[in-house]
Amino acid sequence: MSEYALELKNITKRYPLVLANDHISLGVKWGEVLALVGENGAGKSTLMKIVYGLVTPDEGEIFVDGEKANIKSPSDAIALGIGMVHQHFMLVDTLSVLDNVILGMEPKTGPAIDYAAARKKVVALIEELGFDLDPDAIIEELPVGAQQRVEILKTLYRDARILILDEPTAVLTPQEVDELFKFLREFADKGHAIILITHKLDEVMEVSDRVTVIRDGKVVGTVNTPETNVAELARMMVGREVILTVNKKPAEPGEVVLEAEDLFVKGGVRPKLNGVSLSVRTGEIVGIAGVEGNGQTELVEVLTGLRPYKGSVRYNGQELAQSARKVREWGVSHIPEERNDRGLILEFSTRHNVILGDHYRPPFVGFWGFFKDGVIDEYAERVVEEFDVRPRSINLIGRRYSGGNAQKIIVGRELARDPKVLIAAQPTRGVDIGAIEFIHQNIVEARDKGMAVLLVSADLNEVMNLSDRILVMYEGRIVGEVKPDEVTEEQMGLMMAGLEASA
Ligand SMILES: Nc1ncnc2c1ncn2[C@@H]1O[C@H](COP(=O)(O)OP(=O)(O)OP(=O)(O)O)[C@@H](O)[C@H]1O
Ligand SMILES: [Mg+2]
């Protein structure tokens, strides 16, 4: 056996506008977790798609366990023991866990699927891994953490020994992250190999053995985790010092612009919103902290006019009941948590993605209802420039952007229209630390000019750093209000778990 599970030599991949991978060489050893970090668009996902046979490189060689490999498709990669958990899950939502795991690899007796054999193997695997998963549960009814366990299960069912995970923690709760890391550590300790892509440098420090940093498609360096720290990694990634905390003056709140009273939204067994009241003033950032799934999604949908509710939502004292268009026209911007479903139209180019939601009215549409292409292009160029969207083109379609750059397009669109109120759900999910710094600065600047912000984030760090006041949500209710400098993360954790009322 070779020391290296996987080695890449001089991998190069050119796209029309960018050199996504520029002679990248790196390796992961058996028994280790290698973290792969780099800015949005650095080329991480592309490189891993090449390893998994989803993208064909222009140049370069791949060695698996010391042998040159010829990977032309995912089935070649799987045959070599490589498994991949993607940035966006690839499960069939309406099928069960069992069906998803065996899909494409069903054991057969003659022409028929041998369900009994399949179930036996899957159940044994779940038990061996200690995963909390019901093989008959339907995917769309499972929390994200469980869906991810299904993705992992799928790769292990196919006997993966080299596991690639692309931003697996972006959507997980802290508890789910702990469980995932426990699994990763055990998997590596068995002698297998892991490549982990993440933007969270404290996670890199926690779980990896070595770190490879890439920037602009090139390897900047590889370091042993115990010999580095977050600041050094950040500098290697971005090429300059990064401010890891938000710089802001105390807020100067004005009058109330957003007022919600006694909101109720029906749910299955329990209501999704159970009597939520809150208000946001001009010039302040109100954070909603909470473990995902406690009503935050529903709250945002109600406030943006996307979901029916009982109760009252007033902007500037005016009821704008359930009309997303009216709410937006009045001056509410919304950064949605699901960037691929709601944030962008993946087949649209950036010139059209940056005017979504305002595309039917002036200045983008003329008197006769035709698009004013010149105006739109100029506007799009400005947004792309101001929000550092890479590559700097307004012609690229949504699907072709790296995850973090897609997010920058959305944030740019929502801020560039100078809203009175910004409702931001997970605004920096999947975004690199340089860009987080940038988005946070932009939100604070808009606040200082009088914008009201409601920030919903599962990232406790973000809520504590950015908010002027924090409301804690638990089981469809606001269970406490705190000032960020008056609580510890531990107290917040307890409140988020419903264990302690206001600090
Ligand atoms: N199919 C494609 N066509 C054109 N360009 C592409 C395509 N896929 C990726 N790119 C470009 O290649 C570059 C690298 O993208 P990649 O997705 O690998 O970045 P990444 O490091 O994973 O970033 P992120 O952290 O944002 O996920 C980006 O500039 C992206 O726009
Ligand atoms: Mg990526």
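A residue counts as buried here when its relative accessible area is under 20%. Keep that cut-off in mind as we walk through this structure, which is a predicted model.

Let's begin with helix α1, which covers residues 44-51. Seven of its eight residues fall on the buried side of the cut-off, so α1 is largely enclosed by the rest of the structure. The buried set runs through Lys44, Ser45, Thr46, Leu47 and Met48, and then takes in Ile50 and Val51. Have a look at what comes just after the helix, too: Gly53 has a positive phi there, at about 80°.

One is the backbone nitrogen of Lys29, which the Glu32 side chain reaches at 2.9 Å. Another is the side chain of Arg210, joined to that of Glu32 by a polar contact of 2.7 Å. If you set aside residues up to four places away in sequence, Glu32 touches Gly27, Ala188, His192, Ala193, Ile194, Asp209 and Arg210.

Next up is a helix pair. In general, two packed helices are described by the angle between their axes and the distance between the axes. For α5 (residues 144-157) and α6 (residues 174-189), the axes come within 10 Å and cross at roughly 15°. Angles under 35 degrees count as roughly parallel, and α5 and α6 are therefore roughly parallel to each other. As for handedness, α5 passes α6 in a right-handed crossing. On the α5 side, the contact is made by Gly145, Ala146, Gln148, Arg149, Ile152 and Leu156, while α6 brings Glu176, Glu179, Leu180, Phe183 and Phe187. What is the make-up of the residues in this contact? They divide into six nonpolar, two polar and three charged. If you're wondering about the spacing of residues along a helix, an α-helix has 3.6 residues a turn, so residues three or four places apart point the same way.

Between β9 (162-166) and α6 you'll find Glu167, whose phi is near 50°, a positive value in a residue other than glycine. Glu167 counts as buried, at 10% relative accessibility. There's another case at Gln426, where phi is near 45°, again positive in a residue other than glycine. Gln426 sits in the loop between β19 (421-425) and α15 (433-448), and at 6% relative accessibility it counts as buried.

Over in strand β14 (residues 273-281), take a look at Arg281. It counts as partly exposed, at 35% relative accessibility. Which part of the chain does Arg281 meet? Its C-alpha atom is separated by 4.0 Å from that of Val256, 25 residues apart along the chain. Leaving out residues up to four places away in sequence, Arg281 touches Pro253, Gly254, Glu255, Val256 and Val257, along with Ala452. The Arg281 side chain also reaches the backbone oxygen of Gly254 at 3.0 Å.

Our last stop is the loop between α12 (350-353) and α13 (373-386), which holds Arg361. Arg361 is partly exposed, its relative accessible area being 23%. The side chain of Arg361 makes a polar contact with that of Asp358, at 3.0 Å. Beyond its neighbours within four places in sequence, Arg361 is in contact with Arg328, Glu329 and Arg417. Within the chain, the C-alpha atoms of Arg361 and Phe371 are ten residues apart in sequence and separated by 9.1 Å.

Pro362 and Pro363 are joined by a cis peptide bond, with omega at about 5°. Follow the chain on to the loop between α13 and α14 (403-416) and you come to Pro391. A cis peptide bond joins Arg390 to Pro391, here with omega at about -5°.

Notes. Residues are numbered from 1 along each chain as its sequence is written. Chains are lettered from A and ligands numbered from 1 in the order in which they are written. This is a predicted model: local features need pLDDT of at least 70, side-chain atom pairs count only at pLDDT 80 or more; totals for chains, interfaces and linings use all residues. Side-chain values use heavy atoms; hydrogens and water are left out. Helices (H or I, at least four residues) and strands (E, at least two) are DSSP runs, numbered from the N terminus. Buried means under 20% relative accessible area, exposed over 50%, partly exposed in between (1.4 Å probe, protein chains only). Contact means heavy atoms within 4.5 Å. A polar contact is a pair of N or O atoms within 3.5 Å; within protein, one must be able to donate a hydrogen and the other to accept it, and residues adjacent in sequence count only if both atoms are side-chain atoms. Axes are lines fitted to C-alpha atoms, for helices over the stretch in contact, and angles run from 0 to 180 degrees between N-to-C directions. Angles under 35 degrees count as roughly parallel, over 145 as roughly antiparallel, 65 to 115 as roughly perpendicular and the rest as oblique. A crossing is left-handed if the near helix is turned anticlockwise from the far one by less than a right angle, and right-handed if clockwise. Ala, Val, Leu, Ile, Met, Phe, Trp, Tyr, Cys and Pro count as nonpolar, Asp, Glu, Lys and Arg as charged, and the others, Gly among them, as polar.
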